[in-house]
Amino acid sequence: MRLSSFALFFLTAGLYLSSKCFCTEIIGGSEVQPHSRPFMASIQYHGNHICGGVLIHPQWVLTAAHCYSWFPRGHSPTVVLGAHSLSNNEPAKQTIKITRFIPFSRSPSGFTSHDIMLIKLHTAAELNKHVQLLQVRSKNYVRDGTKCQVTGWGATNPDLLKPSDTLQEVTVSIIGRKHCNSQKYYNRNPVITRDMICAGDAKGRKDSCQGDSGGPLICKGVFHAIVSGGYKCSIANKPGIYTLLTKKYQSWIKSKLAPSSAN
């Protein structure tokens, strides 16, 4: 479950150390066809899945900034690509060391502000039918009620903080910023800014929660946002909160991936 207070936002991710955490997992979804989401990345520490991510360039993964807080200094996490089952020794898997973490902001202005980060891989991924890129081409806006898919290896039961071994996906609906900030929903705690978006289910049966942080929200085939956080799991009026891939973030991504700045 996600924390009742947003004050501990940066402690969220996927080590499942507590029964209460501000974090993200797939609730109410189902297993995807193996290797049908070849852009998915599992960010791991000592072989344990911590966060999701998206391969947007052979040597770059996009994820949530708060995931960084789960990696002890001096230790080397890895990125696993081409996976469906986290436990099986699948031939398609590529495990690559991480060279750099580049969050959008070193000093966030709020608990959920600028929850986006680039990860540079030590070596470029080998692109094939199981490992492919997902293009960042969001248009800054997603219409209210739009059906979108969120994908990840997070837990499938909000009461059992155990990650899913296989990749899961659920369809959620976009909830407008005005509604999400209203008293019925988050009541501006936190404030859902123009860089954020809410998505969930009217009855609270479908959601993202612990372990899915950094994974993609895809609407009508377009990569629009990444999983950030929310309040508990599967609460009708507390939908998942996502970092929207606005023009600001897209320009930042392009600048960091440019050859002159990617070294």
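Reader: What makes the link between the side chains of S42 and Q44 a polar contact?

Author: This is a predicted model, and in it 3.0 Å joins the side chains of S42 and Q44. A polar contact is a pair of N or O atoms within 3.5 Å, so 3.0 Å qualifies.

Reader: What makes the pairing of the S42 and H49 side chains a polar contact?

Author: The value there is 2.7 Å. The cut-off is 3.5 Å, so this pair counts too.

Reader: Why is S42 called buried?

Author: Its relative accessibility is 0%. Buried means under 20%, so S42 counts as buried. S42 lies in strand β2, residues 40-45.

Reader: Which residues does S42 touch, leaving out those up to four places away in sequence?

Author: They are H49, C51, T78, V79, V80, L86 and W153. Touching here means heavy atoms within 4.5 Å.

Reader: How far apart are the C-alpha atoms of S42 and G214?

Author: They are separated by 9.5 Å. Along the chain, the two residues are 172 residues apart.

Reader: Which residues of the largest nonpolar core touch the most other members?

Author: They are I56, L62, I116, L118, F223 and I253, out of 24 residues in that core. Elements that each supply at least two residues include β3 (48-57) and β12 (222-229). Helix α2 gives the most, with four residues.

Reader: What does I253 touch, not counting residues up to four places away in sequence?

Author: I253 touches I56, L62, L118 and V136.

Conventions
Residues numbered from 1 in each chain as written. Predicted model: local features only at pLDDT ≥ 70, side-chain atom pairs only at ≥ 80, totals over all residues. Heavy atoms only, no water. Buried < 20%, exposed > 50% of the residue type's maximum accessible area, 1.4 Å probe, protein only. Polar contact = N/O pair within 3.5 Å; in protein donor to acceptor, adjacent residues only side chain to side chain. Core = buried A, V, L, I, M, F, W, Y, C linked by side-chain atoms within 4.5 Å.
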